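Work through the two exercises below with the model open. Each solution goes step by step.

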Amino acid sequence: MTELFPAILDAPAWNSQTDEVLRCQAVIQETHDVKTFVFTAPEPRRFLFRPGQFMTLVLPVGGEEVNRCYTVSSSPSRPYALSITVKRVPGGLVSNWLHDTLRENMDVRVLGPMGDFACDRSEARRFLFLSAGSGITPMMSMSRYLLDTQSGADIAFVHSARSPADLIFRRELEAMELAHARFRTGFICEGDAPFEKWHGYRGRLGAEILAQITPDFLEREVYVCGPAPYMAAARSLLERSGFNMKQYHEESFDFGTLVEDEPEIVETTQALADTAYTISFTKSRREIACSSGTPVLSAARAAGMRLPASCAKGMCGTCKCKLVSGEVDMEHQGGIRQREIDQGMILLCCAKPKTDLVVER
């Protein structure tokens, strides 16, 4: 008998305070434009994370290192592999690289896990998961976890998609429903697929459809993830229905996308009349003004610059870059390691200038 199984069972835990190099073990085609990438560590690891958390991938795209955040779609109850599920976005820099380039046996550097969107510490016994598009990924991690751990939770899983061809994890969800009496699904499609007419719930999420699928939705703990308009519509629906919003949780940003607008932009524009510092960007050859109390990213957005960012909260590391000169105040939430700070790296979303800055971006 080999020592393979003891080696795996005794594997050390994933150290979230250091970068890990993971190896892609499988690429699974979920739908026509969605793939799941399964990773393991070169040496056995137990991946410890909370269901619903995300990790940051550091990828060599276009000759540069690019950071992007993706929710872990696998469950911590299956700790020896880690999966992300990625939808190809037309024109998307990283999603297209992953779909076109990442293959089995390729290595990827990752940071994580991070995030507070998770269900494992909830005292609720009845859950309602609402998702649309690739927002299904944290809900799958949560559902797999709650079922694997025999939690006894009652789960209603309602997912919206354009057509039946866009229903991610459809077969697995249907199998989970057949195997577990306290797990039920409801799919909502806007229309038919080219080769499949849709006979289920049609249109978009609304109070009438939700009440048909989950009559007791007002009594459940609700988790929502999807495109920003979907989450806004779900939140409004629940508020109008008299739902107790203390039982409401939503993911705070879309993984793998660029932040287009930020609340600070208007304030930033007004603040530039106060004491401002000059921020010089070496690669884009741009120079902007930024007040001492304003994050550099917000000032750059206000000046019309498009810089990569995801969470805008210092969590994900997407906006990480080199500070060539100058000083900043920076209060982050785990998106940058101390050794990176010691090497002169900053997060633009939470770095506020104390002097003029030169930034490698």
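**Exercise 1.** How much space lies in the second largest pocket?

The model is predicted, so local features need pLDDT of at least 70 and side-chain atom pairs pLDDT 80 or more, while totals for chains, interfaces and linings use all residues. Numbering starts from 1 along each chain as its sequence is written, and side-chain values use heavy atoms, without hydrogens and water.

Step 1. The second largest pocket holds about 640 Å³ of space. A pocket is an open set of points on a 1 Å grid over the protein atoms alone, where a 1.4 Å probe fits, with protein on both sides within 12 Å along at least five of seven lines; lining residues have an atom within 4 Å of a point. Volume is the space filled by probe spheres set on the points, which are joined across faces, edges and corners.

Step 2. Of its 27 lining residues, Glu64, Glu65, Val66, Lys320 and Arg361 are the closest to the centre.

Step 3. Strand E4 gives the largest share of the lining, 5 residues (strands are DSSP runs of E, at least two residues, and helices of H or I, at least four, numbered from the N terminus).

**Exercise 2.** Describe how helix H3 (residues 136–148) packs on helix H4 (residues 170–179).

Step 1. The angle is about 30 degrees and the axes lie 12 Å apart (axes are lines fitted to C-alpha atoms over the stretch in contact; angles run from 0 to 180 degrees between N-to-C directions).

Step 2. H3 is therefore roughly parallel to H4 (angles under 35 degrees).

Definitions and conventions
Parallel < 35°, antiparallel > 145°, perpendicular 65-115°, else oblique.
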